[in-house]
Every structure is written in C-alpha cells, then in structure tokens.
Amino acid sequence: MADSLGSREARAYYSPMDRVAVITGGAGAIGSAITSALRLSGHQTVVVDRTGDVLCDLASEESTRQAAAEVLARYGRCDVLVHCAAAFDQGALADVDRGTWRHVQAVNVESALWLAQAFTPGMAERGFGRIVFITSDTVWSPPSPVLLPYIASKGALLAIMRTLAVTLGPDGIAVSAVAPGLTDTPPSRAVNPAEAFAAAVAAQALKRRLTPDDTAAAVAYLVSDGAAAMTGQVLCADGGLVMR
C-alpha cells in the first residue's frame, strides 16, 4: 500500500476543509439547504445568485462569466460546483414563445456551461473536482404540459452531465446530478395546492413530503470523498416516485 491512512495525502483525501464550493441559486430554499450542508461538512461556500456572496444574473452570459471571474479573484479556486439555480417560466407547446424558452435555457443550462468552462481548468490542474447539477424527476414523469421549457432544460442538463463526466473524468473531475421530486418549499407551496403534494406522496414509495434537506444530503454525498467512484450518475431524491 503506497500511502497509509496516517499519511498527509490520505488525510487530505478524506478532508474537504480546503475546498471551495460554489452554489448557484444558493439563496433559494433548496440552494440554501445545499449551502448549509456543504458548510457543515467543512467546505468554504460561495453563493452565486441575485442575492448572495457573488451577485449574478444567470440569464446573462456576460454576468455569469463576470461572476466566475470574481469567484476566482476573491476565493482563488473552485473545487465544487453545484448548479441549483432554475427558472420555471411556463409554456405549453401551443403558446411557448421565444423569450420564455430562451430565458429558461439560459438560466438552467447555459450558465452551467459558462461556469464549468471557468472552473474546470483549475480543477484539472489540481486533479480534483466535483460538479453536481440539480435536475428534476419530471424528466421521466412530466406532470404538466406547461412545464415544457423547464423539463427540456433539465433533460439537457442530464445529457451535459454525462458528456462532461466522460470528458473530465481523466482529470479527476466527477460530474453527477440529483433529481428531486416535488419538494415542500415556499415557492412550491405557492403554485401547488395541498392536493398536488398529497398526490405526489401517494405515488411515492416513501409516504412523506420531500424537504430541501433531502436534496442537500444527496449533494453532500456526491461531493464527498465517499463518492469517489461516482460520476455520470443521477440520484433521484424523490421518495421512490421514479425508480431507475
């Protein structure tokens, strides 16, 4: 065995204490839960959002690239990137317009690419990196026609995740995704009646409402050294609604 558990290399392997984690959408309910979970596990967390540590309009390529540059200037590195931010603009096939479509894709998909472009060279140089995309179980079980732009964006993220896993794996960078189900958050309660939550719980194998901490726990696992062999995977944190 080349290294013992007492060696400096082994200690570093099991400790995230020097790692900087960037979370988009970290001001939201799920994003803030992810931020808290990563902070508790020892990461230095940086929220990139309309409010947060680094202010950013993720619908704008220029703003997103500027935010990435600010992260690197202020914090020196990014070891973990969690893309949680999402736009939910709705439109069924008959009435979706270009503005709605492009806004959702810009926030949900394109900003993730611009941030990955900025952060992965440093990850590759250090031989370590974690990227986690927050997607959705609606990709496999669409609940409503008006979610077309949103579901399409989440499907695109899964395809990007798998491609980046293959592309970046040789550099020690793991890329995965977490797909929550209908989660009990203030914005979700504002647009979903109690009957919708009841129906989701009834369809789940585990009969309880999902919370932001459920998604956060899955993310914390994927960015940990315990998930060193995990890449190109999607964890459905949805109480067993979608089994795959």
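Student: Two strands pair if DSSP finds at least two bridges between them. Which residue in β5 does L81 stand opposite?

Tutor: L81 stands opposite I131 in β5. This is a predicted model, with local features needing pLDDT of at least 70, side-chain atom pairs pLDDT 80 or more, and totals for chains, interfaces and linings using all residues. Numbering starts from 1 along each chain, and side-chain values use heavy atoms, without hydrogens or water.

Student: How many bridges join β4 and β5?

Tutor: β4 and β5 pair over 4 bridges, in the parallel sense. β1 and β4 also pair in the parallel sense over 4 bridges, with V22 opposite L81. Strands here are DSSP E runs of at least two residues, and helices are H or I runs of at least four, numbered from the N terminus.

Student: Are the β4 side chains V80, L81, V82 and H83 buried or exposed?

Tutor: All are buried, meaning under 20% relative accessible area with a 1.4 Å probe, protein chains only. V80 and V82 point one way, while L81 and H83 point the other.

Student: Switching to α2, which of its residues are buried?

Tutor: I30, G31, A33, I34, T35 and L38. They pack against β1, β2, β4, β5 and α8, with contact taken as heavy atoms within 4.5 Å.

Student: And what comes after α2?

Tutor: G42 follows α2, and its phi is positive, near 105°.

Student: At what angle do α3 and α4 pack?

Tutor: About 30°, with the axes 9 Å apart. Axes are lines fitted to C-alpha atoms over the stretch in contact, and angles run from 0 to 180 degrees between N-to-C directions. Residues meeting there include W114 and F119 of α4 and V71 and L72 of α3.

Methods. Buried < 20%, exposed > 50% of the residue type's maximum accessible area, 1.4 Å probe, protein only.
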